[in-house]
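Here is a short briefing on the structure shown below. Points are grouped by topic.

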Amino acid sequence: MDSIKGLIDLAASPPVAFTLSIVVFFTLFRSRWPWTRGGGLTMLGVGVAGLVFGLSDDELRRRVAEPDNLPIVGLVFVVGFFVWLAMSKAWANDEATERGDPTLEESERDDRVLTWPDLVFVELIAAILLTVALVVWSLLVPAPLEGPANPALAPNPSKAPWYFVGLQELLVYFDPWLAGVVIPGLIVFGLLAIPYMDRNPRGNGYYTFRERRPEILLFLFGFLVLWCQLIVVGTFVRGPNWSFYGPFESWEPARVAGTATISLSEALWVRLLGVGLPGSWLLRELPGLLVVGLWFVGLPVLALRSPWLREQRERLGRVRFHTVVFLVAVMGLLPLKMYARWLFHLQDIVHLPELLLSL
Amino acid sequence: MSWIDRLRRRVTRSQPWRAIFRVGVPTDDRKRALAVLGNVVLHLHPIKVKRSGIRLSYTWCMGGTAFFLFLVLTVTGILLMFYYRPTVEHAYADIVDLREVAAFGVLRELHRWGAHAMVIAVWLHMFRVFMTGSYKPPREFNWNVGVVLLVLTLLLSFTGYLLPWDQLAIWAVTVGSNMASATPFLGHEGPGSELLSLGGTPLIHVGSDARFALIGGRTIAGGTLNRFYVLHCLAIPFIAAWLIAVHFWRVRKDGGISGPM
Ligand code: HEM
């Protein structure tokens, strides 16, 4: 038992868990089986077994049962279910199209029903069921209330509300101006821009995967791997000093805050070349600025060697294409900085305290 | 005729009853159409809808769930406002009283769990709309309205988080609002903020930056509580309600729930 828990604690550490999640993500979305009934039930079984096993541990049960953490457990299962539902419907439609049959939505396209009673009563029943569910939840779980506010006594860890915990987790890897302002701003901008960037006319008004593979994979990678996963990480495996604690590890004694980190300029000038930091900040940070420039400019140039991407640029036009590329590069910055941190303890690619700017 | 039937006829034929319910129980298609047309709430709907559009497995009823939760939160929120005073002196004690003294001791629970559920429902609704490609023309603008609603939903939840004025509340909001001080140019710890100065006097400092504007002071205190209370109970719900109306209007003007073109 303890060895299993030890193994899970190991697998839950951010580098391992993140790598695993990427592998699992692409494995799942490459295959058909997970989106069949058998696949869905198997994944549900694994999830429930994991939950039951987790709840058998006192430490983890306390953490999971915290009233404000319950929605996140719910989130995992509910999001899992709806991803499965959408994907299985998409596959079913794709297979119908392949056979030359109409999709489910297509076969009903001219079928209209009266709002009263067909819609109104469904709404009524849904409202009643939701009310019952909410009342039961409220009767079973009291809303949390801690001691009165005390501005002089910061709890450790202090956590943001759960839906922002993913952004708080990003603070481990990014400066606050990025994690707290620019990245959320770009998420909202990216969401707003989706209808204008995606010019694929297919897949409008029905579930399909085959006709929209890249769009769906990109969106789901962001939603599942980067957004939902970081919320779960921030909630369940971050303890005092925002250090990592395995799901079965006690928060006591508290670990000291992270390992020492190093900036790219220091690693290069001091450690590698042994010449000390140059006096001019421009020269000092030149390598970092080059890396960032390469990431945002060089990568697209390199990518355009692929015929498929060149075709996309023709199709979308330059403005749309480069907006998409920029947003993907920002998204890619997340794993990039995470791995740089885990592998080389590298914190800042560009470190410019002179301008309060680090990246 | 039993007395129940007589009574029912009496009631349903009385002048007040017929003044309210013009068509009575709709039993044929004409009356069903009139029932929807003649009712301000039902009139949000068209008279006929696509069968595939109202399939539970198509929309998951997630937009509807988000809206329903918004209504639940409005009602429970108004009831909470009867008890709650947004001052450092009273806020916490009022929340304790809500649990211990007030009738219907689950008001706070309904409001808090409803809020969590609404956040999840809105995410899932967005995910459904994405997966059915319903943001594609002609629904681009309604997707944009939706994204703003998503942001407003999160802000509603965030501003409400402070109101119990317990340790959980102020420290969660501290973590969240500290980010604002790192806003480029407009936060006092943000890159470029030092560039904004007038004759050597910095324009952006702790007492004038984005964080100050958000929390109404240099630290989370009574001013913040008041500010968040007004945002939470008045300003944001008002904008959200307006945008939900626009959202629904556009669903219809864009041709109803999406389906194959
Ligand atoms: C307070 C939040 C929201 C409420 C109350 C709401 C409500 C609704 C409702 C009731 C519908 C009818 C169909 C359905 O139930 O799925 C709908 C459709 C739609 N919603 Fe929302 N919504 C919200 C947020 C959003 C968000 C975050 C997005 C996207 C970013 C969005 C985009 C859309 C679009 C494009 C449609 C048309 C879908 C179609 O025709 O299939 N909405 N919304």
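Where is the place of Leu282(A)? Leu282(A) sits in helix α12 of chain A, residues 281-303. Helices here are DSSP runs of H or I with at least four residues, strands are runs of E with at least two, and both are numbered from the N terminus.

The model is predicted: local features need pLDDT of at least 70, side-chain atom pairs count only at pLDDT 80 or more, and totals for chains, interfaces and linings use all residues. Residues are numbered from 1 along each chain as its sequence is written, chains are lettered from A and ligands numbered from 1 in the order in which they are written, and side-chain values use heavy atoms, with hydrogens and water left out.

**Chain A overall**

- Chain A has 14 helices and three strands.
- Along the principal axes, its C-alpha atoms fill a box of roughly 75 × 60 × 40 Å.
- Of the 359 residues in chain A, 46% are buried. Buried means under 20% relative accessible area, exposed means over 50%, and partly exposed lies in between (1.4 Å probe, protein chains only).
- Chain A exposes about 18200 Å², and carbon and sulfur atoms supply 71% of that area. Accessible areas come from the Shrake-Rupley method with a 1.4 Å probe; for residues, only the protein chains shown count as cover.
- Among contacts in chain A with a separation of 6 or more, 68% join residues 24 or more positions apart. Contact means heavy atoms within 4.5 Å.
- Chain A carries 29 positive and 32 negative charges, and their mean positions are 7 Å apart. Lys and Arg count as positive, Asp and Glu as negative; His and the chain ends are not counted. Each charge is placed at NZ of Lys, CZ of Arg, CG of Asp or CD of Glu.

**Surface patches**

- A nonpolar surface patch is formed by Trp281(A), Leu282(A), Leu283(A), Leu286(A), Leu289(A), Leu290(A) and Leu355(A). Together they have about 610 Å² of accessible area.
- Leu282(A), one of the patch residues, is partly exposed at 48% relative accessible area.
- Patches take residues with over 30% relative accessible area and no salt bridge; like charges are joined within 9 Å, and nonpolar side chains (Val, Leu, Ile, Met, Phe, Trp, Tyr) within 5 Å. A salt bridge is a side-chain nitrogen of Lys or Arg within 4 Å of a carboxyl oxygen of Asp or Glu.
- Arg8(B), Arg9(B), Arg13(B) and Arg18(B) form a positive surface patch. Helix α1 of chain B (residues 3-13) gives the largest share, three residues. Arg13(B) lies in that helix.

**Buried positions in chain A**

- Val292(A) lies in helix α12. Val292(A) counts as buried because its relative accessibility is 19%.
- Beyond its neighbours within four places in sequence, Val292(A) is in contact with Ile349(A), Val350(A) and Leu359(A). Val292(A) and Ile349(A) are 57 residues apart in sequence, but their C-alpha atoms are 7.6 Å apart.
- Lys337(A) lies in helix α14 (residues 318-344). Lys337(A) is buried, at 3% relative accessible area.
- Leaving out neighbours within four places in sequence, the contacts of Lys337(A) include Tyr173(A), Phe174(A), Asp348(A) and Leu359(A). Lys337(A) and Phe174(A) are 163 residues apart in sequence and 8.0 Å apart, C-alpha to C-alpha.

**A buried charge in chain B**

- Glu140(B) lies in helix α8 of chain B, residues 140-162.
- Glu140(B) is buried yet has no salt bridge. The nearest side chain of opposite charge, Arg199(A), is 5.4 Å away.
- Apart from neighbours within four places in sequence, Glu140(B) is in contact with Pro195(A), Tyr196(A) and Tyr135(B).

**Backbone features**

- A cis peptide bond joins Asn156(A) and Pro157(A), with omega about 0°. Pro157(A) is in the loop between α7 (115-140) and α8 (165-170) of chain A.
- The peptide bond from Pro137(B) to Pro138(B) is also cis, with omega near 5°. Pro138(B) is in the loop between α7 (107-131) and α8 of chain B.
- Trp60(B) is not a glycine, yet has a positive phi of about 60°. Trp60(B) lies in the loop between α4 (56-59) and α5 (62-83) of chain B, and counts as buried at 6% relative accessibility.
- Phe185(B), a residue other than glycine, has a positive phi near 65°. Phe185(B) lies in the loop between α9 (167-178) and β2 (197-198) of chain B, and is partly exposed at 43% relative accessible area.
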